[in-house]
Structures are given as structure tokens and as C-alpha cells.
Amino acid sequence: MLNQTILCVCDPQASIAFYRDVLSMTLLQRIDIVDMRFSLSFMAYLHEDERLLEDPVPRARLIFTRETTLKLTHNWGTEGRSDVSGAP
């Protein structure tokens, strides 16, 4: 089963805004991995009966067991670089 599609992005705010505002996806969670200098943003289309939960354990279960999730990966320091390809 395909669980996640991963895209590397140079501008996470613009990418999140695109998927949220244009494609109507929901930001499930953003995780900043400070020591390794990257961020993960998980986005998906929620079913009508699905709700985001505040408790981190059920929220993680929702993210990692659902049928499809988009994972935007941002490596810090790639903003504005012309030698990095990928979505904004």
C-alpha cells in the first residue's frame, strides 16, 4: 500500500499554502528536526468523518496508517538556491 509521497521543497510556507489553499489539503502536522536541520510537513485530504486530534499518539496513528499522505521535506538552507530543483 502506498502510504506517503515525498516531495522536497525549498519554500515550505509557499508549498503548504499551495496544497492547502489551492488543492484544499489539510496540514496534519509539521515536525522540525532541529539537530539535523530539516522539517517535515504532512498533508492529506481528510474524509468527511475524520478530524485532527490534539493527542500526539492518535494523531501519529492517523498520519502513518492512512492510505495516502503527502510529506513535504524541507532541508534548511536551500531557500533561494538556484542549484536545488523541486517545488517552491
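Phe18 is partly exposed, at 39% relative accessibility (that label covers the range between buried, under 20% relative accessible area, and exposed, over 50%, with a 1.4 Å probe and protein chains only). Phe18 sits in helix H1, residues 12-22. Keep in mind that this is a predicted model, where local features need pLDDT of at least 70, side-chain atom pairs count only at pLDDT 80 or more, and totals for chains, interfaces and linings use all residues. Residues are numbered from 1 along each chain as its sequence is written, and side-chain values use heavy atoms, with hydrogens and water left out.

**Overall layout**
- You'll find 2 helices and 4 strands in the chain, in the order β-α-β-β-α-β along the sequence (DSSP runs numbered from the N terminus: H or I of at least four residues for helices, E of at least two for strands).
- The chain has 88 residues, and 33% of them count as buried.

**A nonpolar patch**
- Phe18 teams up with Val22, Leu23 and Tyr45 in a nonpolar surface patch, with about 380 Å² of accessible area together.

**Two loop residues with positive phi**
- Ser24 isn't a glycine, yet it has a positive phi of about 60°.
- Look for Ser24 in the loop between H1 and strand S2 (26-33); Ser24 is exposed, at 54% relative accessible area.
- Arg37 also has a positive phi of about 60° without being a glycine.
- Arg37 lies in the loop between S2 and strand S3 (38-44), and counts as partly exposed at 46% relative accessibility.

Key. Patch = residues over 30% accessible without salt bridge, like charges linked within 9 Å, V, L, I, M, F, W, Y side chains within 5 Å. Areas by Shrake-Rupley, 256 points an atom, 1.4 Å probe, with all protein chains shown as cover. Salt bridge = Lys/Arg side-chain N within 4 Å of Asp/Glu carboxyl O.
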